[in-house]
Amino acid sequence: MTVEEQFLQRLLADTKEKFLDSPVFAEQQLLGRQWNYSVCGTPIQVGKGILLGINWSVSGQHEPQTEMPDGKDIPTYNFIHRSRQFLESYLLLDFDTMNFNYTNLCFFRTPHEIFLRPKDYENSLPLFRQFVAFVRPDWIFSLSNNNSKILTQYGHLTDSTNFYDSELKHKGVKANLWGYPYFSVPHPNARVKTKSRNEIWERIGEQALLLRGLR
């Protein structure tokens, strides 16, 4: 078993413990559902960037994650597909070699984000922090500004700078998360005009490229 696989098994054990003590688990029990949890959608790669979603979705019943995934299904995610051109251009992601990590801010699965309560985030954020500390990423890039709101609310996001579209209606964020460069853009499914989305991605994407000395 590799060091990465050993870490995943420890983190899965910690995730199970926190999940069983979370409101979202209690709600599943009441509804007679089985949503469970996951930690990562790609192989864990130390030193590689982290692409970040909100939380794992679920349809029907779902078993907890037990092993390292290969990441081959990531390009089929609707919101990844919609952002793929941006991700390849500005983050230089390679969906053939999977040269990045994919995870979510909250490890607990739900049909929709609205099922998550404050304590769910309080229980899951230390798990995500373990993931970040192990990976030591070049960058963390969130495909949702809601993650920025949550991280700011709990005092984790610092040195934030907002980058707005030309209409000043939507924004992207550049910040610092536990000593690592952090960026976020509006969720791909958010109601944002194409022009505004392109502008925000260009401004945040340029910041990400500057970080890597590519601009």
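Among contacts in the protein between residues at least 6 apart in sequence, what share joins residues at least 24 apart? The share is 76%, where a contact means heavy atoms within 4.5 Å.

The model is predicted: local features need pLDDT of at least 70, side-chain atom pairs count only at pLDDT 80 or more, and totals for chains, interfaces and linings use all residues. Residues are numbered from 1 along each chain as its sequence is written, and side-chain values use heavy atoms, with hydrogens and water left out.

The protein contains 6 helices and 6 strands; these are DSSP runs numbered from the N terminus, helices being H or I with at least four residues and strands E with at least two. Starting at the N terminus, the order of elements is α-α-β-α-β-α-β-α-β-β-β-α.

Across the whole structure, 15 aromatic pairs are found; rings of Phe, Tyr and Trp (its six-membered ring) pair if their centres lie within 6.5 Å, and planes under 30 degrees apart count as stacked, over 60 as edge-to-face and the rest as tilted. The pair of Phe-7 and Phe-134 is stacked because the ring centres are 4.1 Å apart and the planes stand at 0°. Phe-7 belongs to helix H1 (residues 3-20) and Phe-134 to helix H4 (residues 118-135), 127 residues apart. Both Phe-7 and Phe-134 are buried.

Key. Buried < 20%, exposed > 50% of the residue type's maximum accessible area, 1.4 Å probe, protein only.
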